[in-house]
Amino acid sequence: MPGNSQRRGAIRKSSKGATVGSGGQRRRGLEGKGPTPKAADREYHPAHKRAKAAAKRSGTGSSAGGRGPARPKSRGSKASSEMVYGRNSVVEALRAEVPVATMYIATRIDTDDRVREALKLATERGLAILETPRGELDRLTDGGVHQGLALQVPPYDYAHPSDLLDPEMPGIPLVVALDGITDPRNLGAIVRSVAAFGGHGVVVPERRSVGMTASAWKTSAGAAARIPVARASNLTRALEEFKKAGFFILGLDMDGDVELPDLSLASEPLVIVTGSEGKGLSRLVRETCDQIVSIPMSSAVESLNAGLATGVTLYEIARQRRG
């Protein structure tokens, strides 16, 4: 048929050698060239410039409030950034050198002493400052009362519990583990006590527990820059690993086997386990402990909060070790 002869003629090679027709035209040009590089790997992409700047800041520790190089994240942790907003909260976070990725300031903000101080502190630390429409700030803070100021706090880089088994740590190993603590101020106070009394780190469980939020960082009064906080996917299993490494596990509870002044294990490698104020130590954690220790108190006081109880215990252990 004429139509068929015309079609057969249409797929012949041209005088220049190119194959004409949809199936073969520029076949080489359609060959795969591999996956598209990530945005952060493309030299002229804004994401590459941001990643390069973040790596530079992480190396000097300037944007992390003296926190130093980032620690590896705990395996399986689900970290997310946090927004701190409101003029007083922003200024307090900047004063405490809470790690900050970006400071957001509303367009045409009415300045006062707090705004000026926030800008001064952020500029001194070399933080990224973005002028942002109020509608966008409303979205970033989920409708919170931001007063035109907000900070984006990056996810905390948790250590792994095994990092606290380093045999080259100075002094006798001393670690605090938290079982069901949900108040970030308690965590911050405990991190501060660990730093004050020669401890080496804190372990928190991944579930049903407080994490290193901006509030915890502020309460630690800078100690969070020096004391690693590790996150365990299973606290009981982590405690068993410490036992295998030669640690004794001491649980704090009102109904203890031993009162704190009579503690005989202070000179040994220790993990002090503090339970929640309401429920105390969980059953499995309690069964893992080598000893349950109580703090003697006046009958007029039922119990101390977790931060105070841990601080008292750490002080007594430090006192005995010095003696």
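1. Welcome to this chain, which has ten helices and eleven strands. Both kinds of element are DSSP runs numbered from the N terminus (helices: H or I, at least four residues; strands: E, at least two). The model is predicted, so local features need pLDDT of at least 70 and side-chain atom pairs count only at pLDDT 80 or more, while totals for chains, interfaces and linings use all residues. Residues are numbered from 1 along each chain as its sequence is written, and side-chain values use heavy atoms, with hydrogens and water left out.

2. Of the 323 residues, 41% count as buried; that term means under 20% relative accessible area (1.4 Å probe, protein chains only). Contact means heavy atoms within 4.5 Å. Among contacts between residues at least 6 apart in sequence, 79% join residues at least 24 apart.

3. Now look at a helix pair. Helix 6 (residues 184-196) and helix 10 (residues 306-322) have axes that come within 8 Å and cross at roughly 10°. The two helices are therefore roughly parallel to each other, a label for angles under 35 degrees. From helix 6, N186, I190, S193 and V194 meet A306, G307, T310, G311 and L314 of helix 10. By class, this contact has four nonpolar, five polar and no charged residues.

4. Finally, find H200, in the loop between helix 6 and strand 6 (201-205). Is H200 buried or exposed? H200 is buried, with a relative accessible area of 10%. A polar atom of its side chain lies 2.6 Å from the backbone oxygen of P170. Beyond neighbours within four places in sequence, the contacts of H200 include L164, M169, V194 and P228.

Note on methods
Buried < 20%, exposed > 50% of the residue type's maximum accessible area, 1.4 Å probe, protein only. Axes fitted to C-alpha atoms, helices over the stretch in contact; angles between N-to-C directions. Parallel < 35°, antiparallel > 145°, perpendicular 65-115°, else oblique. Nonpolar A, V, L, I, M, F, W, Y, C, P; charged D, E, K, R; others polar. Polar contact = N/O pair within 3.5 Å; in protein donor to acceptor, adjacent residues only side chain to side chain.
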